[in-house]
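Subject: Structure for you to look at

Dear colleague,

I am handing over the structure below, and after it I have set out what was found. Please keep the structure open while you read, and look up each place as it is named.

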Amino acid sequence: MIQRFQEEMYRLAGAPDHSRYLLAVSGGIDSMVLATLFLQSGYTFEVAHCNFHLRGADSDHDMCFVQHWASAHQVTCHVQEFDTIAIQENSGESIEMTARNLRYQWFSEICGSFDYLVTAHHANDDMETILLNLVRGCGLQGLTGIPDRNGVIIRPLLPFSSEEIHTFAAEHHIDFVTDITNADEEIKRNRIRHTIIPVLQQLNPNIVHTIAHNKRILQQQSALYNYAVADFSRRAISEKDGAILIDRTEIDGFPFSDVLLYEILKPYRFSESDVRDMLQADQPGKLFCAPEHVLVVDRNTFIVRPNPTRIDEERLFKNLEELQKCFSVKRLSTADGILKPADGYSFIIPDHKLIFPVSLRFWQQGDFFYPFGGKGKRKLSDFFTDQKVNRLDKERIPLLCIGDNIAWVIGFRSDERFKVQKSDTHYYCITPLEQKV
């Protein structure tokens with residue numbers, strides 16, 4: 001076993017005798033075999049033990065056992081104790097997940113001076129994880145089990161079964177402690193270990209290695225699958241103004257388009273049912289919400305943005321001085337001619353119609369104005385539709401209001417009621433200061 005272990009270490013770490021390792025050691029048989037293999041291989045390592053205080057005196061006994069072993073073999077031992085139950089009560093997570101998060105958070109804090117963090121997960125752990133994922137519901141990735149390397153974390157015992165580890169421990173007279181909670185079948189993983197796997201072994205005595213073989217095939221298939229999705233994404237996805245644009249013409253009509261779009265949107269946590277509805281949506285402006293992102297269906301594009309931090313409170317400018325903190329305001333004479341702004345980013349208004357307070361706000365249901373050069377009153381929502389403004393952008397366009405009237409849809413159009421007449425002697429030209437509006 002030691003030769004196979006060293007071959008695995010070379011595969012995972014290159015030249016393993018040139019690196020420094022931190023071993024996660026609970027005191028159980030798996031981690032004690034791992035520590036012994038490192039010791040016999042002459043690798044430079046230290047051990048780290050977590051005492052979660054979940055089993056009373058047994059937890060303290062395990063901690064002392066690991067400390068004694070480390071002292072006996074002149075290995076540095078790091079120990080961290082947690083009040084896990086108190087932490088779990090405030091987290092809303094299961095006790096198992098709380099302990100796991102505490103463990104890896106502490107490991108990351110002390111792992112800076114080491115090249116690798118090593119855990120003792122083995123082939124049976126891997127099989128249990130795959131079966132758990134299958135029961136809970138998972139995609140292809142969930143069937144690839146525990147990765148043998150994840151950043152600085154390596155797991156050199158994954159090729160070995162629990163039976164092989166127990167045999168090695170017996171042959172080398174390795175002492176270890178037993179966690180009595182491993183027999184508690186109220187814990188799903190234990191139920192799979194003690195009830196489900198024995199039944200599977202009756203059907204296939206070599207089930208552990210069969211699943212390990214299938215895992216390697218699935219990992220290759222998953223890598224190919226991810227490559228294909230990434231290659232397709234490069235063609236279909238672009239970015240603009242902080243938004244992710246997905247070319248719908250690349251998606252529609254593609255075989256398994258729902259699977260493809262779901263994979264593209266997976267980082268943004270949209271549900272599978274949302275994805276199916278997106279593909280069927282033929283009405284521009286339809287909105288889908290994920291925990292941290294929103295997607296709007298545009299004509300030929302799916303647009304994804306972070307959830308907008310919409311400001312519902314109006315910003316009031318009580319006088320010209322306050323207005324000039326966000327806008328450039330120039331007073332001009334009509335005797336020199338009246339400027340005709342080339343776009344909606346300049347606002348021309350007679351000086352006597354700029355009545356304070358002036359407010360800045362966003363679109364609200366029922367808003368209307370009289371578009372400059374138009375034929376009368378127009379609902380702002382209809383105006384945005386005509387301008388091909390999607391639903392997300394509509395709620396981010398600032399409106400400059402005088403009294404109760406929208407005087408300027410910034411970036412688009414001013415209001416006919418505020419245009420400069422030939423009888424006016426002076427007017428203001430107002431433009432937004434960059435990043436202020």
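P357 lies in the loop that runs between β14 (347–350) and β15 (358–361), and in this predicted model a cis peptide bond, with omega of about 5°, joins F356 to P357. As background, most peptide bonds are trans, and most residues other than glycine have a negative phi. H173, which is not a glycine, has a positive phi of about 50°, and H173 is found in the loop between α7 and α8. Is H173 buried or exposed? With a relative accessible area of 69%, H173 counts as exposed, because exposed means over 50%. R269 is likewise not a glycine and has a positive phi, in this case of about 65°, and R269 sits in the loop between α11 and α12 (272–280).

The next element to look at is α8, which covers residues 188–203. Helix α8 has 16 residues and reaches 21 Å from its first C-alpha to its last, which is close to the 22 Å expected at 1.5 Å a residue. Where in α8 does a kink lie? A kink of about 35° is found at I196, shortly before the proline P198. Among the residues of α8, N190, I192 and I197 are buried, and what covers the buried residues of this helix includes α6 (123–136). L203, by contrast, is also found in α8 but counts as exposed, because its relative accessibility is 71%.

Helix α9 (residues 207–236) is the next one to consider. Its 30 residues reach 42 Å from the first C-alpha to the last, close to the 44 Å expected at 1.5 Å a residue.

Two packed helices are described by the angle between their axes and the distance between the axes. For α6 and α9, the axes come within 9 Å and cross at roughly 70°, which means that α6 is roughly perpendicular to α9. The crossing of α6 and α9 is left-handed, and the contact is made by A123, N124, D126, M127 and I130 of α6 together with I207, V208, I211 and K215 of α9.

A second pair to examine is helix α2 (residues 29–41) and helix α7 (residues 162–171), which pack at an angle of about 60° with their axes 10 Å apart. That angle makes α2 oblique to α7, and the crossing of α2 and α7 is left-handed. On the α2 side the contact is made by I29, D30, V33, T36, L37 and Q40, while on the α7 side it is made by I165, H166, F168 and A169.

Key. Residues numbered from 1 in each chain as written. Predicted model: local features only at pLDDT ≥ 70, side-chain atom pairs only at ≥ 80, totals over all residues. Heavy atoms only, no water. Helix = DSSP H or I, 4+ residues; strand = E, 2+ residues; numbered from the N terminus. Buried < 20%, exposed > 50% of the residue type's maximum accessible area, 1.4 Å probe, protein only. Expected span 1.5 Å × (residues − 1). Bend = angle between axes of the 7 residues up to and from the residue. Contact = heavy atoms within 4.5 Å. Axes fitted to C-alpha atoms, helices over the stretch in contact; angles between N-to-C directions. Parallel < 35°, antiparallel > 145°, perpendicular 65-115°, else oblique. Left-handed = near helix turned anticlockwise from the far one by under 90°.
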